Amino acid sequence: MSFGKLKSARKAREAHSFVNPGSIPSSAGTDAPQSAHSPLADHTGACHTGSASRRDDGGPHFAPEAPVADSGSTVQGVTPSVDGQPQAQLEGLGIPPSQSSEKTRGTATSVDLHGCHASLPPSLEIRESSNHGRGIYAKTAQVAGSVILSVTPHVSVLSTGNLSHYCSACSGHPSTAGLKRCPKCKIVHYCNSICQNRDWMWHKRECSALQNWAASAPSSEVSTPSEPVRCLGRILWGSQTEGLDSVWATRMLGHRPDVTAPLTDRNSLQPSSFESHTHLAHSLVRYLSVASPQELTPYGLTSAGDLVDLISRLTTNTFTLTTPALAPIGICVSPTVAFANHTCDPNAVIVFPRPDSSSPTEEPRLNLVALRDIAPGKEVRISYVDTTLPAVLRQKELKEVYSFVCHCKACTRALPADPRAALWCPKQCGGICPYPGQDSEDPENVTRCVKCNTIVGDTGAVLDAVRVGQEALDKARSLQLSDPVKARQLTTNIVPLLVSAGLTPASHPLLAMTRLRQELLVETLQGPGLSQETLDEAIRSAAKYGAGIQALLPKGHPVRAVALGELGKLLAVDEPSLSPASDAAASSRFPPSGPARLKLAHESLVKAYEEMLIGFGRQLGGGQLGREIRDAIVRLEKELGVWTTGIRNVLEDTPAAGRKKSEAAP
Ligand SMILES: C[S@@+](CC[C@H](N)C(=O)[O-])C[C@H]1O[C@@H](n2cnc3c(N)ncnc32)[C@H](O)[C@@H]1O
């Protein structure tokens with residue numbers, strides 16, 4: 001199989017995360033390119049903002065639905081911008097400090113949506129509970145793999161680094177014809193004039209704002225505003241277009257608490273987020289060319305505080321926009337899906353599968369898919385964070401970004417050891433030991449195998465390895481694009497260190513490091529210098545990552561399906577140098593060579609396809625990725641057939657040839 005097929009999967013870095021709901025990845029400067037949630041986080045991200053839908057005439061407009069809280073991903077991690085705004089201007093905006101406030105919520109039952117969420121099918125309803133507000137509930141049974149809800153997000157924007165690689169209207173990634181650049185701003189790109197015309201209503205005002213921003217940017221690195229800024233721009237211009245009194249705009253901007261009282265405002269901000277929100281507010285006013293808070297009135301905002309409220313809602317209610325293979329490429333807002341609440345053991349996920357049947361004018365299409373059967377009356381829950389992370393890290397993110405403490409079973413259940421934070425038993429009995437506590441000075445700070453009770457000797461060394469691993473992971477991620485060679489070298493050094501410290505493949509940060517290593521190795525395979533050694537090392541990383549993921553995520557989880565698919569694709573790549581059949585060592589080596597390797601590839605791809613039918617929607621055929629995997633299976637079966645036929649011929653020919661020879665002998 002040719003190598004090109006790998007490319008589509010290669011950047012599916014965190015699969016998990018926010019919606020990706022899971023997420024808007026935390027990225028550095030406000031105006032530095034930001035990525036969405038980590039892919040591993042369950043892709044979930046919700047939004048709190050309003051909704052807009054496309055008109056039949058092709059022009060976008062805001063639907064008459066009110067915005068609601070979204071879940072999912074978020075503009076978390078929006079940090080101070082580097083746009084050159086002097087800090088003193090922050091005070092000038094008069095943004096008030098965070099205060100605590102008490103939220104009152106009704107107890108129980110169905111919520112009157114005031115006709116605001118026409119996109120909600122009859123199989124679902126919104127109910128409100130006393131402890132986590134409104135949520136999506138199944139009215140009828142939902143089977144694992146069924147699409148519970150499918151909507152075109154009201155607003156979606158690409159992350160800055162992806163603006164020239166994906167279409168700003170449909171988020172497509174045309175491989176052959178290439179993308180056409182907007183001749184005016186020279187920043188956004190489209191598949192063709194259909195996509196360009198469809199986006200014009202959104203892009204019209206954005207186009208001049210982008211040009212103004214670039215003209216005043218202090219350097220080329222910050223010549224494009226970050227995606228949260230561009231997303232907010234589209235939301236505000238959209239509110240004006242639709243009318244500030246429209247249901248969408250009023251809910252979006254918090255004008256009508258009778259229709260919806262957004263859960264998130266500046267009062268629920270964590271102190272850690274306040275600075276980043278303030279910087280985002282600064283970037284936004286610059287983008288809108290607003291010189292004072294008074295000039296925000298045409299957008300329905302009466303003060304800088306209103307602006308911070310809006311940013312807070314965006315932060316907790318934005319979903320990560322991903323490719324069909326879960327690579328985060330931007331953010332989007334869907335007020336209806338934003339009703340979905342969080343759990344670390346979700347029964348649903350958000351994906352963007354792009355099935356064969358999809359029309360580019362409806363893409364990007366967000367699909368909420370059931371991961372397991374959901375009985376009538378049960379709440380449909382997604383995860384806002386990467387569920388492969390240990391509870392302590394999940395809780396930290398939920399608190400900082402979404403301002404709540406998760407009390408789900410995965411967070412509260414007293415497990416003897418969570419595989420996300422575990423070591424192998426030092427006696428190698430097959431059991432695992434939980435990570436020791438943080439206080440390595442404490443003589444009582446022991447950890448033991450949950451199976452045979454053996455005590456881990458040097459807990460300090462384990463804690464050191466975990467800390468060094470986390471630092472190296474952060475560093476390698478930050479270098480991934482700018483200096484991939486250095487990033488790869490870091491993974492080469494650190495993975496063995498974590499393994500020798502005893503960490504299991506599913507534990508953090510080893511799992512994430514293995515994944516990053518796989519990505520970086522796959523990058524090097526794209527060029528002409530494909531070596532057997534690098535290919536095999538990429539396969540080993542993919543296999544270890546796959547084993548870790550399978551220990552943590554349920555069957556059918558899209559992240560797990562993608563991991564299996566990537567392993568299968570790597571195994572199916574033509575080997576640059578086949579091991580000679582006589583090489584005795586080759587029979588016990590992983591990965592195997594020749595037909596054994598192809599068989600393994602076939603097994604992985606078939607498993608991946610079965611799981612994709614769940615995670616990416618059975619009625620969508622697993623989406624674009626499912627289609628690709630199915631085609632890869634067919635190609636591989638042909639290839640395996642050739643091998644099998646070749647072997648059969650050799651077996652059949654040998655005695656026959658011998659027979660012929662002896663028959664011919666005088
Ligand atoms: C995207 S909204 C979800 C819809 C929200 N419940 C509402 O009524 O609008 C995200 C917010 O819902 C609340 N939430 C979601 N999941 C929760 C959970 N498991 N426990 C407590 N609060 C939760 C938090 O306030 C969070 O910031």
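**Exercise 1. State how many aromatic pairs there are, and classify the pair Trp-237 and Tyr-287.**

Step 1. The rule is that rings of Phe, Tyr and Trp (its six-membered ring) pair if their centres lie within 6.5 Å; planes under 30 degrees apart count as stacked, over 60 as edge-to-face and the rest as tilted. By this rule there are five aromatic pairs.

Step 2. For Trp-237 and Tyr-287 the ring centres are 5.4 Å apart and the planes stand at 50°, so the pair is tilted.

Step 3. Trp-237 belongs to helix α3 (residues 227-242) and Tyr-287 to helix α5, so the pair links parts that are 50 residues apart in sequence. Helices (H or I, at least four residues) and strands (E, at least two) are DSSP runs, numbered from the N terminus.

Step 4. Both Trp-237 and Tyr-287 are buried; the term means under 20% relative accessible area, with exposed over 50% and partly exposed in between (1.4 Å probe, protein chains only).

The model is predicted: local features need pLDDT of at least 70, side-chain atom pairs count only at pLDDT 80 or more, and totals for chains, interfaces and linings use all residues. Residues are numbered from 1 along each chain as its sequence is written, and side-chain values use heavy atoms, with hydrogens and water left out.

**Exercise 2. Classify the pair Tyr-402 and Phe-404, and describe the backbone of Ser-403.**

Step 1. The ring centres of Tyr-402 and Phe-404 lie 6.5 Å apart with planes at 55°, so this pair is tilted.

Step 2. Tyr-402 is buried at a relative accessible area of 8%, whereas Phe-404, at 25%, is partly exposed.

Step 3. Ser-403 lies in the loop between α7 (391-402) and α8 (409-412). Its phi is near 60°, a positive value in a residue other than glycine.

**Exercise 3. Describe how helix α2 packs against helix α5.**

Step 1. Two packed helices are described by the angle between their axes and the distance between the axes. Axes are lines fitted to C-alpha atoms, for helices over the stretch in contact, and angles run from 0 to 180 degrees between N-to-C directions.

Step 2. Helix α2 (residues 193-216) and helix α5 (residues 271-288) meet at about 110°, with axes 8 Å apart. The two are therefore roughly perpendicular, given that angles under 35 degrees count as roughly parallel, over 145 as roughly antiparallel, 65 to 115 as roughly perpendicular and the rest as oblique.

Step 3. From α2, Glu-206, Ala-209, Leu-210, Trp-213 and Ser-216 meet Ser-283, Arg-286 and Tyr-287 of α5; contact means heavy atoms within 4.5 Å.

Step 4. Arg-286 sits over the face of Trp-213, 3.7 Å from the ring centre; the criterion is NZ of Lys or CZ of Arg within 6 Å of the ring centre and within 35 degrees of the ring normal. Trp-213 also forms one aromatic cluster with Trp-237 and Tyr-287.
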